[in-house]
Amino acid sequence: MALFERARAKRREREQERETVHRALLDLRQRGQQQGAAAVVDESWQLVRHCFAELGRGDEEYAPLLFETARTSFGLHAMCGQWLPATSSALALCTAVAFVEARSTKHGVPFPEGLLPGVQVMLDMSPNVAHRAGVPLAACIIAEVLTAMQLGDRTRAREMSAILGSGDALRRLHAIRRSQQETINRESRKSAVSVASAAALRSQADAMLLQDLNEVITGSENGYLHAGTTVVPAVLAASLTGRSVVYVVPGVGAGTAVRLEAPETGLTLCESITLPLLGLDAVRTQAQRVRDVLNSGERRPRLRDEAAREAFDTVAASVWQPVLEAWPDLEGGRVAVIHVGESALLPLFTTPVDGIPVCARMDLTVVPSGQALLFAGTWPRPPRRETLVVADPWYDDGAGGVPIEMTVPEAREVAALHGVAPLILRDPHPAMAPAPDPGTAQPPDRAADPPPAALLDGLVLRIAAADLIHLAGHGILDPENPLNSTLLLGRPTPLSALLPHDLRRGATVVLSACHLAGIGTARSAEQTGFPAAMLAMGASSVIAALWPVPDVGKTKLLMTHLHEELLRNTPPSVAVGRAVARLAGEKKAAHIWGPLTHFGA
């Protein structure tokens, strides 16, 4: 009984200590507003150090407090132009996020809703601050921790451990650790530097990577479950896939590009550049302009093309021209772009540079995080393809929308290339019926009968069993809740209904539907959408469109070119690049090939 009372008294004492820290934080924020950031900035860092120390002693209840104190300290130091301690505060916040995410995953509960707005703010600001501090590796760590949070039970606990524990991965991890230890030893032999210097902070980031590597290797060799690792998956993914990894990060006023390389390349592990034109306001304005035209039902090709080409010009000037000027060796190589935050709204894959789509200038892919690249790069491509081609031209059983006339001809042509029969869920023009003018939308009352419920009930299982999947129909993006984004195949199939299923490992998924390459805009840090989910479900490649796909024959031609390349065993990322380049070279409308993007390895 006495032991129980002592334990309860100890818990009350710890609770009172945390409450004291919380009150001190609220008081500090108030004084900062009244007296200015400079008056309290040092005190904010002391609070961060205290919370970090208590968390390190095993009190996990300090994780939310560390999150809030680190976020406050970051803001105060950034306001004072003190980039080094601001970056240290951001790294401390990442530690808090990793603890909270791991605990949430362990208990099967979502990441706390109240912390998500703070995560979004930090993602918008802190990678750029780390670049300004001269610590690009810290920018990678921050981006990985703050974007790889969602779908945690799938993308970390269940899959990550198996991947990191494989023989090839362990050999690469040991080599990366040796290289990182050599870097730290080499830097430590240089003259001593101030603890507040960029060199000291770079050493801190290097040490964080080395610590993560040690934990991952030890845990994998002992069969432990992994959660909460930082940039290790991205470095390993660069090694496994042979790709240069480039993070594209919009920021307040300007953005940042961070390049990450596998140590065996002999190149600098991590370096960064400023993207002066990639401010958040510019990204949002450009994305909205494209949506205003292409989502409005505007049918005039000239206006749709102008909107697409304006987006291309923006992305070329703000991203690809400065990136290729700084790192010209990327051209002709293998590159994975990690679109951080709202850069996912931009056509990073297809934008022309000097008249040639960038996806034809290099073997390019886009991924939501280094973890996603690691998953996609680990799954072996199937030795032979089980192909499934599905089409449904009608919107929600024909009520309230118009049919997509070209989905059925597209599906039949794609299926014929692969020598399989397409699954046509509804056919507005049965073989024996006279076909109307293809340019005329048919009224909803001519909708074909909806397919049998039993067929639809088994459709998700058929998708999960195929290696090459082509789905043609309407797509609806829910920007507020991306898990409600829907593919209309016989009936609405939301992303949340697909998530409980696994795809065949290494599958290629083609989503010939509007918007489904998009992410939620309410909280872009989550990077949740069809591509990220399907990569987590086991796909190696997901091919989807950022904006509405026009219902014209040229779209069918684009898909035909793509599948012709796949039949030649062209890697999917290269196949998409060649299909896009072919239409672009034939001077076909930019709004047709512009939205197509390859996600994965």
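Author: The crossing of H21 and H22 is right-handed. Left-handed means that the near helix is turned anticlockwise from the far one by less than a right angle, and right-handed means clockwise. This is a predicted model, where local features need pLDDT of at least 70, side-chain atom pairs count only at pLDDT 80 or more, and totals for chains, interfaces and linings use all residues. Residues are numbered from 1 along each chain as its sequence is written, and side-chain values use heavy atoms, with hydrogens and water left out.

Helices (H or I, at least four residues) and strands (E, at least two) are DSSP runs, numbered from the N terminus. H21 covers residues 553-567, and H22 covers residues 572-585. Two packed helices are described by the angle between their axes and the distance between the axes. Here the angle is about 140°, and the axes lie 8 Å apart. Axes are lines fitted to C-alpha atoms, for helices over the stretch in contact, and angles run from 0 to 180 degrees between N-to-C directions. H21 and H22 are therefore oblique to each other. Under 35 degrees counts as roughly parallel, over 145 as roughly antiparallel, 65 to 115 as roughly perpendicular, and the rest as oblique. Among the residues that make the contact are Leu557, Leu558 and His561 of H21, with Ala575, Val576 and Arg578 of H22. Contact means heavy atoms within 4.5 Å.

Now the strands. Six of the six residues of strand E14 (residues 507-512) are buried, so E14 is largely enclosed by the rest of the structure. Buried means under 20% relative accessible area, exposed over 50%, partly exposed in between (1.4 Å probe, protein chains only). Both faces of E14 are covered. Ala507, Val509 and Leu511 lie on one side, with Thr508, Val510 and Ser512 on the other.

E14 also has paired strands. Two strands pair if DSSP finds at least two bridges between them. Strand E10 (residues 468-472) pairs with E14 in the parallel sense over five bridges. Within that pair, isoleucine 469 stands opposite valine 509. Strand E15 (residues 539-545) runs parallel to E14, joined by four bridges. There, valine 510 stands opposite isoleucine 543.

Last, the cysteines. Cysteine 51 is buried, at a relative accessible area of 0%. Cysteine 359 counts as buried too, at 5% relative accessibility. A search of the whole structure finds zero disulfides. A disulfide is a pair of cysteine sulfur atoms within 2.5 Å.
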